[in-house]
Amino acid sequence: MRLYSLSIRSSKNLILSLLILSLFFISINARPFVFILSQDDLKDLTTASSNPDGVDSLHDSADWDDFGDAESKTDEELDSGSWRPIFEPDSSGPSLTSESDAVYYASVDKMMSSVSNGEEKWFEEAVGEIEAVASEGHAHSQSVLGLLYGMGMMRERNKGKAFLYHHFASEGGNTQSKMALAYTYSRQEMYEQSVKLYAELAETAVNSFLISKVSPVIEPIRIHTGAEENKEALRKSRGEEDEDFQILEYQAQKGNSPAMYRIGLFYYYGLRGLRRDHAKALRWFSKAVEKGDARSMELLGEIYAKGAGVERNYTIALEWLTLASRQQLYSAYNGMGYLYVKGYGVEKKNYTKAKEFFEKAAENDESGGHYNLGVMYLKGIGVKRDLKLASNLFFAAANAGQPKAFYQLAKMFHNGVGFKKNLPMATALYKLVAERGPWSSLSRWALESYLKGDIGRAFLLYSRMAELGYEVAQSNAAWILDKYGERSMCIGEAGFCMNSERHQRAHSLWWQASEQGNEHAALLIGDAYYYGRGTERDFERAAEAYKHARSQSNAQAMFNLGYMHEHGLGLPYDLHLAKRYYDQALEIDLAAKLPVTLALASLWVRKNYPESFMLEVKGITVSVLEVKARSPAKKEQAVQCIDSLPGVYPKVETWVENVIMEEGNATILTLFVCLLTVLYLRERQRRNVIAAPADVVLPQQPNDHFEPERSSHCTVKLTKEQIKKHSEDPSDNWSYGKRMKRLEFGKEKGRPKETFTIFPK
C-alpha cells in the first residue's frame, strides 16, 4: 500500500489532530511513499477564513463544486481517442464522424495484429498510415506518433518530437496525451504545467466515481513478483474461467444473495478479469434485492442516479437508497444526502437534511460521510464555514482510502486553501486520482492479452500505459522484455528489437519505475550497471542503485552492498560495513539465512586466512597444499571458492523450482522414486528368503509359493556349525556347495556367515 503520512510539529488545534493521521492509497506491491508537512506548510486558518480575497474567492468559484455533477458520460466521451472499439467491439463506441477516425482505428488495429502475428511489415504500413492522417491534424493519430517517437518504434527515438506530438494531440482533446504530458512535466519537476493537466484529468476521474460509497480500487495487476510470474494474481484475473468465480456463480444461481451482489459488482466495474457489463450487473442486483440484500439496493440507487445502463431516474434512486439505509447500511446515507444537497429527486434542496444524513454516515465510520461533511464545512453549505474542521474531515476520509478526499486535498495544496501552496504535493495527489480514470482500461486489455498468451499485444499496451506514467505498467513492460526476449515482439527503430535494443528499453522502463518507488526496479537497475546489461559496466552507479533499493528495505540490495564492500567493488573495501549489510539483509528477510551465512563465512575466512583455505581454478576445486605446489601463474588464476558460494544457492533454488518442482517433472520424479522404492523392497524381500532344512522354520510370505523339495537349488546363509551338523546327518537329503563368503555378522552370535548353494541329493 502507498502510505501518505503527515507529520506536523507543535501547533494548536489542527496540529494535534493531524499528528496521528496517515493517508492511504491502495496499490498492489508498491513501496510506501511518505509526504511530510512542516509547520511552515500550514496557514493561520482563522485568518484565512476571514480573508474575503483569499478563500472566499475560491469558495465562490465554479471549480469548487465538490459534490460533482451527476450528469454521467460514457467512457468513450471521457477518454477521447480510446482504443476501446478495438478491444471491446460490442460496446457502443464512438461514432466515426470522419474518414480520419476510420483510418486511425484501422491502423491501430493493424499495429496490434502485427505484434500478435509477428508481421513486421504490417506494423510499418500502419505507422505510415497514421503518420499521413496525423499530418492532417488528426489529434488521436498525433498521440500515437508521440508513443512511436518516445519509444523508438519504427522511428528513431526522439523525445523532442514525442513531446510535440503529444502537445498537439492534447490541444486537440486527446486525454491520453494529456496524461503523457503531465507525467513528462512532473519528471522534469515542471509542476506549474504538470499540476494543471493532472487537475483536469483527476476531475474527469472523480466524476466517474460513486455518489454514496467508495468505488472499488481498480489497479493495474502486477504480472510478476520480481523474478517470477505472479501466478496467484493472474489466477484471480481469468474472469469467467476462474474456478473461484465459477463457484461464486454456482452459489448465486442457488439463491445466495451475497454471491449475487458480488457477481453484480464484478460486472459493474469489470473486476477480476471480467468485461464491464451493466446489463448483467443490473440483472444480478435485481435478483439480490429480491432476497433483501441491502448492498444491492444501494447499488441500484447508484445505477438509477447515474443512468448506467438504464434511464436516469432520481426518484427511484432515492427510493432504493432509502430502503438500503433502513437496513442499517450507513453508506447509503451518503447517496441520500447527495440528492438533497443537489436537489435531485426531491422537491427542493435541503442542506439541513443532507447534513443529518452525512453525519449519520460519518458517525458510523463511513469515509464518504467524512468527505461530504468536509465539503459542507469548507464551503459553508448549510453550516458556518470551518476550515480546520473541514481539513480534519478530509484527512479522516483519506485515511480510509476515499479517493475524492485525495482529490480535495490536492486542490487545497494546489490553491493554497488551509495549507500553503505546495505544487509537488498537489501534483502527486492529483496523479493518484487521475490514474483511476477510464484510460486505465488499457491495463485490463493488456492483462487479457497476456493471459491469452498474446505477449506482443500485451507488451505494446503496457508500453502505452508506461508512457502515461503508470508505474505498474512500466514494471510489467520491462519484465516482459527480460522474461520473454524475442517473444515480446518489441518493435525497434528499424524492425523487431535486437538484444541491445531490448536491454536498453528494459533499462529505461525499470529506471522510470524505480523513480516512482519500485524497489525491485531499483535492484535491477543496479544489476544492469553491475553486469553491463544494456549499458556500460559501472560499479559506482550500481552501488547508487542498490542504495536506493536498500532505502526501500530490499534485502537483496543490502546483501549486494555487503558483497561490494567486501570486495571493494564501487565502494570502499570495508569488512565491517559488509557484515553490517549482511546482518541487515537477514533481519529484513529470513529467507536470506543460507546466503548470508555463507557470506559471513567468507568474511571470516577473508579476515583470518586471507591467503589460504580452499581455492578454485577454472572450476576445479583444489586444496591449500595443491595450490602451494602450483606455479605463480596458476595461483593468480585461482579464486577463492568460498566467494562463489553465496551465488550458488539462488542458482540451485531456481533450478529446483524450474525443473524439479515443475508440475509434469515433479509427477514423473515422484513416480520414479516410488518405482525404485518398490523394486528395492521386493529385492530385499527376495534376498531375505531362506530355504531352511529340517529344523529351520521360515516365515510364510503372503505370495510365497516356494516349495524347497521341488526346487533344483536355492541359496541360504548358514553358520559352519549348521553345515557340519547337516553334513553328518544321514537323514539329510541336501548337499551343500560353498559359493562365496559374505562380510556380515549374525545379529545374535556376531559370527561371520557364509552363503551356500543347496542341491537336492
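# A guided reading of the predicted model

Of the 761 residues of the protein, 48% count as buried. The structure is a predicted model, and the values below were computed from it. Its secondary structure consists of 37 helices and 10 strands. The accessible surface of the protein amounts to about 38400 Å², and carbon and sulfur atoms contribute 51% of that area.

Two packed helices are described by the angle between their axes and the distance between the axes. Helix H29 covers residues 539-550 and helix H30 covers residues 555-567; their axes come within 8 Å and cross at roughly 145°. The crossing of H29 and H30 is left-handed. On the H29 side, the contact is formed by Phe-539, Ala-542, Ala-543, Tyr-546, Lys-547, Ala-549 and Arg-550. H30 contributes Ala-557, Met-558, Asn-560, Leu-561 and Met-564. Sorted by class, the residues in this contact comprise 9 nonpolar, 1 polar and 2 charged.

Ser-114 belongs to helix H6, which spans residues 99-117. Is Ser-114 buried or exposed? Its relative accessibility is 0%, and because the limit for a buried residue is under 20%, Ser-114 counts as buried. The side chain of Ser-114 reaches the backbone oxygen of Glu-119 at a distance of 2.5 Å. Leaving out residues up to four places away in sequence, Ser-114 touches Glu-119, Glu-120, Trp-122 and Phe-123.

Which residues are in contact with Phe-245, once its neighbours within four places in sequence are set aside? They are Gly-239, Glu-240, Ile-263, Phe-266, Tyr-267 and Leu-274. Phe-245 can also be related to Arg-272: the two are 27 residues apart in sequence, and their C-alpha atoms are 8.5 Å apart in space.

The loops between helices provide a contrasting set of positions. Glu-189 sits in the loop that links helix H10 (175-187) to helix H11 (191-206). Although Glu-189 is not a glycine, its phi is positive, at about 60°. Glu-189 is exposed, with a relative accessible area of 59%.

Asp-365 is placed in the loop between helix H19 (351-363) and helix H20 (367-379). Phi of Asp-365 is likewise positive, near 60°, in a residue other than glycine. The relative accessible area of Asp-365 is 66%, so this residue is exposed.

A further loop residue, Lys-452, is located between helix H24 (441-451) and helix H25 (455-467). Lys-452 has a relative accessible area of 70% and is therefore exposed. How many residues separate Lys-452 from Arg-238 in sequence, and what is the distance between them in space? The two are 214 residues apart in sequence and 9.5 Å apart in space, taken from C-alpha to C-alpha.

Terms used. Residues numbered from 1 in each chain as written. Predicted model: local features only at pLDDT ≥ 70, side-chain atom pairs only at ≥ 80, totals over all residues. Heavy atoms only, no water. Helix = DSSP H or I, 4+ residues; strand = E, 2+ residues; numbered from the N terminus. Buried < 20%, exposed > 50% of the residue type's maximum accessible area, 1.4 Å probe, protein only. Areas by Shrake-Rupley, 256 points an atom, 1.4 Å probe, with all protein chains shown as cover. Axes fitted to C-alpha atoms, helices over the stretch in contact; angles between N-to-C directions. Left-handed = near helix turned anticlockwise from the far one by under 90°. Contact = heavy atoms within 4.5 Å. Nonpolar A, V, L, I, M, F, W, Y, C, P; charged D, E, K, R; others polar. Polar contact = N/O pair within 3.5 Å; in protein donor to acceptor, adjacent residues only side chain to side chain.
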